[in-house]
Amino acid sequence: MSAAAPPLEREPAGRSLWIDAWAKLKRNRAAVVGAVLLGAIAVLVILGPAASRYAFDATDFANTSIGPSWSTGHFFGTDTLGRDIFVRTLYGGRISLLVGIVATAVSLSIGVTYGAVAGYFGGRVDALMMRIVDILYALPFMFFVILLMVFFGRSIVLIFVAIGAINWLDMARIVRGQTLSLKQREFVEAAQAQGVAAFAIIRRHIVPNLLGVVAVYVTLTIPHVILVESFLSFLGLGVQEPMTSWGALVNDGSRELQSAPWMLIFPAVFLATTLFCFNFLGDGMRDALDPKDR
Amino acid sequence: MLSYTIRRLLGAIPTLLILIGFAFFLIRAAPGGPFDRERTLLPEIEANLRAAYHLDEPLYQQFGRYVWRLLHFDFGPSFQYRDYTVTELITAGFPVSLTLGLCAIVVAFLVGVTAGCIAALRQNSRIDHGVMAVAMTGISIPNFVMAPLLVLVFAVTLRWLPAGGLGDGSIRNLVLPVTSLALPQIAYLSRLTRGSMIEVLRSNFVRTARAQGLPAWQIVVRHALKPALLPVVSYLGPATAAVITGSVVIEQIFGVPGLGRYFVAGALNRDYTLVMGVVVFYGVLIIAFNILVDLAYAWLDPKVRYR
């Protein structure tokens, strides 16, 4: 919450929600393990490549398709071109995590704005905006992302935008529901009585109070987005060579299943572990923060 | 019920138009055309080609022509597979994809609902925790990761099942693709069933049934199952969409000659009509299935009809 917010907003009750949630989250062992593992993966992905003497796109033709070993310095083995799987897995992780965070941020900004506006204005605006969401809901978006990637080149920026742009529908629905109940509260009424403009109320009073719900769905959206990116890269429509992501590595590995299973196993384990951790953390946060307490 | 059905069908029209419009204008706005080859064509030949495919008309006319043809189940000729129409390619690939998808949905529904019910009846027991842990695994491991891992274990190492292709079309060839497609849906469905079943088991009518001394299985099958399946039924719509999307990669991995493979090949070759045809075809399928699911829901829960 910004420092500029009026003092009324800083009731002790508003803060105890977060303290409560934090205590609840700490008691959830799966969520804590998930968070710690995610931290470890993030550190490894950022610092790990420095521990290897190989670059992610360097080919070691003396050692193509060799298994994991300490002596050669290829901790996870090499692929058919002699590129180091350890370094490539971590580089792929950078891309996957980056896509997860940036695309989620895109979907977050669209979804929160859309949902808060629809919920706050209500009436016909709300009915129309939510009708649009309903219509879009029935469309097979994965196919549109594939079309976008094929026809407008496979750039990483497009991946961010395309994946973010298809994932805001859930966020919009949830935010709208919360906004509908928030706008009945006294502090919104007080702001309205003082003549604060609608968009200022949404920005200063509604959105900050949505943080709890939004935090939960951000944690659940990130793994979904990572999954979509991996799906695209798996089909060869995502990140392009020599850069890589976990999905592209799994694709490479699935082609060399019989001769070099390590090419599949290491990226697959990293991808699955990351998705696991985000899901556990998200579930834990939902238990701790979601007022509906599903 | 009839008026609800009509309302629901009418409601699908804007969705359909947006679907077709999206697909159409997205591809037309894209850089690069179907006649871009290494060798540049003579301008007259290219002009003739464009005229033959009506690419020289204004966009709105092309769109109108396209919608008109769609109404007659005519998706136009494929740009890549010269001698085939898109309709022919769809009729060739779809039965295979349909078999795969239907098997996956049925397996997912049966296994998921059963597992969810068992977990709910033994809430917080070891079985419950076990089922939920497996479900979390199914949600977290994407099917394109699961599929090669299954191949590695069951085809390459144990040699129990074939690694790919449809072979003679026997069940053995379907086991691995169907399992990889169904696993994530089993996970979602068992979690959903467990949640709603636990809620239903706490309700008053179940307590009454218990008080009357009915055996547990009878309470579940006769009384609790129907209300508990409501959220599961409404999830079948998204589940179908997910299975269709998943079949694109699964067909790729297992070398199954279905519609998904045509789609990827068409997308990589800028085969406008084929890609558009598949997107529209699958889109209509998903929309139609969503309507069916909604109708089933309204039939199960009369409250919905009068909203």
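The legends below describe close-up views of a predicted model.

Local features are reported at pLDDT of at least 70 and side-chain atom pairs at pLDDT 80 or more, whereas totals for chains, interfaces and linings use all residues. Residues are numbered from 1 along each chain as its sequence is written, with chains lettered from A and ligands numbered from 1 in the order in which they are written.

**View 1. Chain A has 11 helices and zero strands.** Helices (H or I, at least four residues) and strands (E, at least two) are DSSP runs, numbered from the N terminus. Of the 294 residues of chain A, 44% count as buried; a residue is buried if 20 or more other C-beta atoms lie within 10 Å of its own, exposed if 12 or fewer and partly exposed in between, with C-beta atoms placed from the backbone. The mean pLDDT (the predictor's confidence in each residue, from 0 to 100) of chain A is 77. Among the elements of chain A, the lowest mean pLDDT, 68, belongs to helix 1 (residues 12-27), and the highest, 85, to helix 3 (residues 85-121).

**View 2. Helix 3 and helix 9 of chain A pack at an angle of about 140°.** Their axes lie 7 Å apart; axes are lines fitted to C-alpha atoms, for helices over the stretch in contact, and angles run from 0 to 180 degrees between N-to-C directions. The residues of this contact divide into 18 nonpolar, six polar and one charged. Here Ala, Val, Leu, Ile, Met, Phe, Trp, Tyr, Cys and Pro count as nonpolar, Asp, Glu, Lys and Arg as charged, and the others, Gly among them, as polar.

**View 3. Chain A meets chain B through 30 residues, in contact with 36 residues of chain B.** Two residues are in contact if their C-beta atoms, placed from the backbone, lie within 7 Å. The elements giving two or more residues to this side of chain A are helix 5 (141-151), helix 9 (198-234), helix 10 (246-255) and helix 11 (262-289) of chain A. This side comprises 25 nonpolar, five polar and no charged residues.

**View 4. A:I163 touches A:V99, A:A103, A:V145, A:V225, A:V228 and A:E229.** Residues up to four places away in sequence are not counted in this set.

**View 5. A:T80 is found in the loop between helix 2 (29-47) and helix 3 of chain A.** A:T80 is partly exposed, because 14 other C-beta atoms lie within 10 Å. The C-alpha atoms of A:T80 and A:E256 are separated by 8.4 Å, although these residues are 176 residues apart along the chain.
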